[in-house]
Amino acid sequence: MKCPVCGAVYRPSSPPCSTCRRCKTDLSDLIRLHDQAIWHHRQALSLFSQGRHSEAVAYNNNAIALHYSNANFHALAGKLWALQGEFKQAISEWQQALKLDPQNDVASNCLQMIEQMSC
């Protein structure tokens with residue numbers, strides 16, 4: 001997560017500090033949103049592992065709405081779209097994940113599998 005004012009990367013510290021280390025901007029609201037997004041994503045992963053895909057979609061969509069720039073959220077969205085047979089949307093989500101994180105293994109592997117299946 002980056003500070004919206006100066007662009008410094010926020011890293012949790014001990015003891016916890018909710019201000020930007022560089023510009024001292026209060027990031028507490030941003031941190032709270034980030035934590036909520038992570039919570040929603042973890043719920044989605046749990047539901048996904050239980051085969052409760054439609055519920056997982058709702059939680060993961062909430063995670064994306066709260067923190068759009070997390071590649072893992074988009075990678076899971078791609079899997080969930082693929083499970084619904086919506087491969088165009090799945091590919092779009094995996095591509096978005098790779099834009100955000102070119103090293104995202106889930107998105108990369110899924111796109112490779114789709115490419116191999118289309119040959």
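**Helix packing in a predicted model**

Helix α2 passes helix α3 in a left-handed crossing, meaning that the near helix is turned anticlockwise from the far one by less than a right angle. This is a predicted model, in which local features need pLDDT of at least 70, side-chain atom pairs count only at pLDDT 80 or more, and totals for chains, interfaces and linings use all residues. Residues are numbered from 1 along each chain as its sequence is written, and side-chain values use heavy atoms, with hydrogens and water left out.

**α2 and α3**

- Helix α2 (residues 53–66) and helix α3 (residues 71–83) pack at an angle of about 150°, with their axes 10 Å apart.
- The angle makes α2 roughly antiparallel to α3 (over 145 degrees).
- Their contact (heavy atoms within 4.5 Å) involves residues including Ala 56 and Ile 64 of α2 and Phe 73 and Leu 80 of α3.
- By class, this contact of α2 with α3 has nine nonpolar, three polar and no charged residues; Ala, Val, Leu, Ile, Met, Phe, Trp, Tyr, Cys and Pro count as nonpolar, Asp, Glu, Lys and Arg as charged, and the others, Gly among them, as polar.

**α1 and α2**

- α1 and α2 pack at an angle of about 160°, with their axes 8 Å apart.
- α1 and α2 are therefore roughly antiparallel to each other.
- The crossing of α1 and α2 is also left-handed.

**Helix α1**

- Helix α1 (residues 28–49) has 22 residues.
- Among the buried residues of α1 are Ile 31, His 41 and Leu 47 (under 20% relative accessible area, 1.4 Å probe, protein chains only).
- The buried residues of α1 pack against α2 and α3.
- Just after α1, Gly 51 takes a positive phi of about 80°.

Terms used. Axes fitted to C-alpha atoms, helices over the stretch in contact; angles between N-to-C directions. Helix = DSSP H or I, 4+ residues; strand = E, 2+ residues; numbered from the N terminus. Parallel < 35°, antiparallel > 145°, perpendicular 65-115°, else oblique. Expected span 1.5 Å × (residues − 1). Buried < 20%, exposed > 50% of the residue type's maximum accessible area, 1.4 Å probe, protein only.
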